[in-house]
Amino acid sequence: MTTVVTRRRAPEPPVRAGGRRRVASAALKAERRAGLLMASPALLVFTLFMFIPLALTFWYSLQRYSGFGRMRFIGLDNYAAIINDATFWTASLNTLLYTALTVPIGIVCGLSAALLLNRWMPARGLFRALFYVPVVISGVASGIIFLRLFDPIVGILNQMLTTIGLPAIDWQGNGTWALVSIILVSTWQGIGFGMVVYLAALQGIPREVYEAGTVDGAVGWKRFIHITWPLLRPTTFFLVVYSIIGSFQVFDVVYVLTRGGPGTSTTFLVQYAYDQGFNQRRQGYAAAIGVIIYLVVLVFTVLQWRFSKSRDDA
Amino acid sequence: MSTALTSVATTEVTAIEEANATLPKDEERHQPRRVVLTRVAIAVVAAIILMFPMYWMLRTSVATSDELSTLPVPLWPQDWHWENYTQPWSQYPFARWLANSVVIAVLSVVFTLAINLMAGYAFAKLRFPMRNLLFLLIISTLMVPVQVIMVPQFQMVIDLHLLNSNWGVVLPRLAEAFGLFMARQFFLSVPDELIEAARIDGAGHFRTFWSVVLPLSKPLIASLVIFTFMWRWNEFVWPLIVLNDPDAYTLPVGLQFLIQQFSSNFGPLLAMSFLSILPMLLVFAFFQKYFVEGVARTGLK
């Protein structure tokens, strides 16, 4: 390609320095115009539906507003109310607990699946596809599927448990078990994604690294601990941050499976914000919760940024 | 946000291709038979566990509520009640929901594709004022949940008179940074020489983009189409907020409405659930490699 360019450039007639600059600046202007023009639909959409709403969320969070009629400016009252709102703290704690459990489980399952299906075996492609299927199914459909499985009376899970002599579990009436059921479904939905990400990373480890390791006696578990796991660290870090942010957004399955209950034992921050805004019609309050969620997500986004940047510079 | 990861991923993809091309297959297969068998056995067990919920959906979808409430429920259907798949169509506007979902998914794909391909190219290859700042601003919204901006967005949809309309679902969700990020990363890997050559041939920026760069971008387009389709097809929170009229529902919103309608009659509910995910399963079956490539290429979102 380069040769083509130079050959084409060669016969260009010599231009005076000033003329060349004028040509160059005209080209630069054309590029600038084209760039702005091509980026403008995206800029318009993002301004209208992302940046303005983001700014407005802060504004709404300072108001009392039912969604209809007049807004009333109340300063930081919503935030003051949040501090004393027991349900908000329960929802925060639930989100934290859910995150602390789902993220490591997801990492372990995804990595195990990737290690299992990394090297050649019969029907490897089929297994990979099957593990990935839950990822493409809607959260609502997944919720309905598990609603049936977790039914405390006629659900197949309890039927199986009692068949092998274990006590039936009250998946819907007991807060802890309801949370467990949400975690189980999330794990089921997420294994495929973690697997694909780890598989890409595993394929990137050069064969020579393993060969050198084999010479040094690193095989089996030792090889995993001393070679594979350290080399996968950037991937793991990415997945951890990504899953943390993702677990702040779990909504669909909860909405279908437990509705946040029993009581508030599976209410997470996003549910609580939705409930306040669209069921209780406290839109200002919901916006204030939204601001808090936004700040938390922002912290993790920046964290990931800093990490990938420091790795770039290194 | 993860440019580093992207470059890692891109090299990884090429690494895979090279490894596949140069490595003799025998070497790959040279593993002790016992090890391979153990791995297959574990994979089979895992697949059975992971696929059981799917099986149970299909099994339940052909059962009557009587059959499902007499314990123990047989693992294999005794009678096949196919009417579960047909009856809800006449009782509920399922066809409308399907049509709404299709229209929303298709519109979203078309607009997302147009907006993100152009902007991705501009951000990757054309210099214009504040380019990096604008890109950073957009990318910083990559992980913002709908719940953060739902209140003002809802107000906006009301002001635009888009409540209960497909456009009310489509337009606000176009502001999603993922597609733009994916497109930009792809275009960064297009060699500058290629674009320069086209420019020297006298092609303008748009022409270069349209007839030189786009024809090279089929894998990107495929991934963008598939991911956008999947997300919009499965989307729940935002349509739930915008659509209140049962005739305007999408499939996921309609399904959650059916949960109350059918209450304990799970047969038709699961039949409809299966129908709602069937298009997605087919798309996945046919375009599997783009799902995987898409994840790998973008540095995994």
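Biologist: Where is A123(A) found?
Modeller: A123(A) is found in the loop between α4 and α5 of chain A, where helices are DSSP runs of H or I with at least four residues, strands are runs of E with at least two, and both are numbered from the N terminus. This is a predicted model, in which local features need pLDDT of at least 70, side-chain atom pairs count only at pLDDT 80 or more, and totals for chains, interfaces and linings use all residues. Residues are numbered from 1 along each chain as its sequence is written, while chains are lettered from A and ligands numbered from 1 in the order in which they are written.

Biologist: And what value is phi of A123(A) near?
Modeller: Phi of A123(A) is near 60°, a positive value in a residue other than glycine. Most residues other than glycine have a negative phi, and most peptide bonds are trans.

Biologist: Why does A123(A) count as partly exposed?
Modeller: A123(A) counts as partly exposed because it has 14 C-beta neighbours inside 10 Å; a residue is buried if 20 or more other C-beta atoms, placed from the backbone, lie within 10 Å of its own, exposed if 12 or fewer, and partly exposed in between.

Biologist: Over to chain B, then: where is H161(B), and what is its phi near?
Modeller: H161(B) sits in the loop between α8 (146-159) and α9 (166-170) of chain B, and its phi is near 55°, again a positive value in a residue other than glycine. With 10 other C-beta atoms within 10 Å, H161(B) is exposed.

Biologist: What about the peptide bond from G261(A) to P262(A), cis or trans?
Modeller: That peptide bond, from G261(A) to P262(A), is cis, with omega near 0°, and P262(A) lies in the loop between α12 (252-257) and α13 (269-279) of chain A.

Biologist: Let's go to the helices. At what angle do α4(A) and α8(A) pack?
Modeller: Helix α4 (residues 86-116) of chain A packs against helix α8 (residues 175-203) of chain A at an angle of about 45°, with their axes 6 Å apart. That angle is why α4(A) is oblique to α8(A). Axes are lines fitted to C-alpha atoms, for helices over the stretch in contact, with angles running from 0 to 180 degrees between N-to-C directions; under 35 degrees counts as roughly parallel, over 145 as roughly antiparallel, 65 to 115 as roughly perpendicular and the rest as oblique.

Biologist: How do α5(A) and α8(A) pack?
Modeller: Helix α5 (residues 124-136) of chain A and α8(A) pack at an angle of about 120°, with their axes 7 Å apart, and they are therefore oblique to each other. The crossing of α5(A) and α8(A) is left-handed. Among the residues that make the contact are F131(A) and P134(A) of α5(A) and W188(A) and I191(A) of α8(A), two residues being in contact if their C-beta atoms, placed from the backbone, lie within 7 Å.

Biologist: Which residues is L50(B) in contact with?
Modeller: Leaving aside its neighbours within four places in sequence, L50(B) is in contact with L130(A), F131(A), P134(A), W188(A) and I191(A). L50(B) lies in helix α3 of chain B and is buried, with 20 other C-beta atoms within 10 Å.

Biologist: How many residues does each chain put into the contact between A and B?
Modeller: The contact takes 97 residues from chain B and 88 residues from chain A. Helix α3 (residues 33-61) of chain B gives the most to the side of chain B that touches chain A, with 13 residues, and that side divides into 71 nonpolar, 17 polar and nine charged residues.

Biologist: Last one: how many residues are in the largest nonpolar core?
Modeller: The largest nonpolar core has 157 residues, and those with the most contacts inside it include I144(A), Y198(A) and A119(B); α8(A) gives the most to this core, with 14 residues. Such a core is a set of buried Ala, Val, Leu, Ile, Met, Phe, Trp, Tyr and Cys residues joined through C-beta atoms within 7 Å.

Key. Nonpolar A, V, L, I, M, F, W, Y, C, P; charged D, E, K, R; others polar. Left-handed = near helix turned anticlockwise from the far one by under 90°.
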